[in-house]
Amino acid sequence: MTANYKRKSGGDRISNLPEHLIASIIERLPIQDAVRTCIISKKWRYIWTEMRELVFDNQFSNKFAKNGAFGRNGFIRIIKQVLTLSKGPILKFAKNGAFGGNEFIRIINQVLTLHKGPILKFHLHIPNIFLDSFEEVDQWMLLLSRTGVRELILVSSNRCYELPSYVFSCLELTKLKLHNCFFKPPLKFEGFLNLEELILRHIDFGANLCGTKINLPQLKKLSLHSCSNVYNFNIKATNLFRLAIILVRMPCWPQC
């Protein structure tokens, strides 16, 4: 067996896999590790940008808080390398530093800017760090409303996050999990027609005593935990078979 044959047969076997298998492997990695795969080879450079699931959960934010953007040689450096290899407005965005020193916002914004294709699952944990506003988070929700997202998990360890109207435009959602949010749909919102699972924890439904009825025809599982103003959460869910209500703060039923 020749040396050349050995090199060919014993080379980078993972890179020789079909692209859909490589993509499946990358989607199982934490987001920071998935992005790091871009430096393996030219073939791998942009595979992560087509991930259908983006998870910025508490493990992501905890590492961020502990290591300061994952250390001097970590995630930010790799993001900058990817941006440098890109062309046009993305490179300009990196130079201008659109979000200043707020690395948490900047990292997620750059990942979403580079991302291509649909995002079927988006998991975001907003850590208890100083944020001037939730304006950037609102923009992420706007982006998601255009990507056909089917599973949205949004957890705020910061102050209560008021869901923008864009969230209620994500009509392909099948699972929605919210924690520490202000939930007030637009007046014209009719419902999530494909939603099957809804988990609400520490949600404030607002002071409007006569809420609009929300149509959830496919909803099968509903969980309410430590929510307030629940009387304003008026839904129609004819297929519901599992309901969990824990520590709901509900004053006297209003007369509408």
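Predicted model: local features only at pLDDT ≥ 70, side-chain atom pairs only at ≥ 80, totals over all residues.

Residues are numbered from 1 along each chain as its sequence is written, and side-chain values use heavy atoms, with hydrogens and water left out.

Let me begin with the aromatic rings. Rings of Phe, Tyr and Trp (for Trp, its six-membered ring) are paired if their centres lie within 6.5 Å; planes under 30 degrees apart count as stacked, over 60 as edge-to-face, and the rest as tilted. By this rule there are nine aromatic pairs. In one of them, the ring centres of Phe168 and Phe183 are 5.2 Å apart and the planes stand at 85°, so the pair is edge-to-face. Where do Phe168 and Phe183 lie in the chain? Phe168 is in the loop between strand 4 (161-162) and strand 5 (175-182), and Phe183 is in the loop between strand 5 and strand 6 (197-204), so the pair ties together parts 15 residues apart in sequence. Strands here are DSSP runs of E with at least two residues, and helices are runs of H or I with at least four, both numbered from the N terminus.

Phe168 also forms an edge-to-face pair with Phe189, at 5.1 Å centre to centre and 65° between the planes. That pair links distant parts of the chain, 21 residues apart. Phe168 is buried, with a relative accessible area of 4%, and Phe189 is buried at 8%. Buried means under 20% relative accessible area, exposed means over 50%, and partly exposed lies in between, using a 1.4 Å probe and protein chains only. Phe168, Phe183, Phe189, Phe192, Phe205 and Phe233 form one aromatic cluster.

I turn now to the helix. Helix 7 (residues 103-114) has twelve residues and reaches 16 Å from its first C-alpha to its last, close to the 16 Å expected; the expected span is 1.5 Å times one less than the number of residues. Ten of the twelve residues in helix 7 are buried, among them Phe104, Arg106 and Leu114.

Finally, the cysteines. How many disulfides does a search of the whole structure find? The search finds zero, a disulfide being a pair of cysteine sulfur atoms within 2.5 Å. The sulfur of Cys181 is 6.3 Å from the closest cysteine sulfur, in Cys160, too far for a bond. Cys181 is buried, with a relative accessible area of 0%, and Cys227 is likewise buried at 0%.
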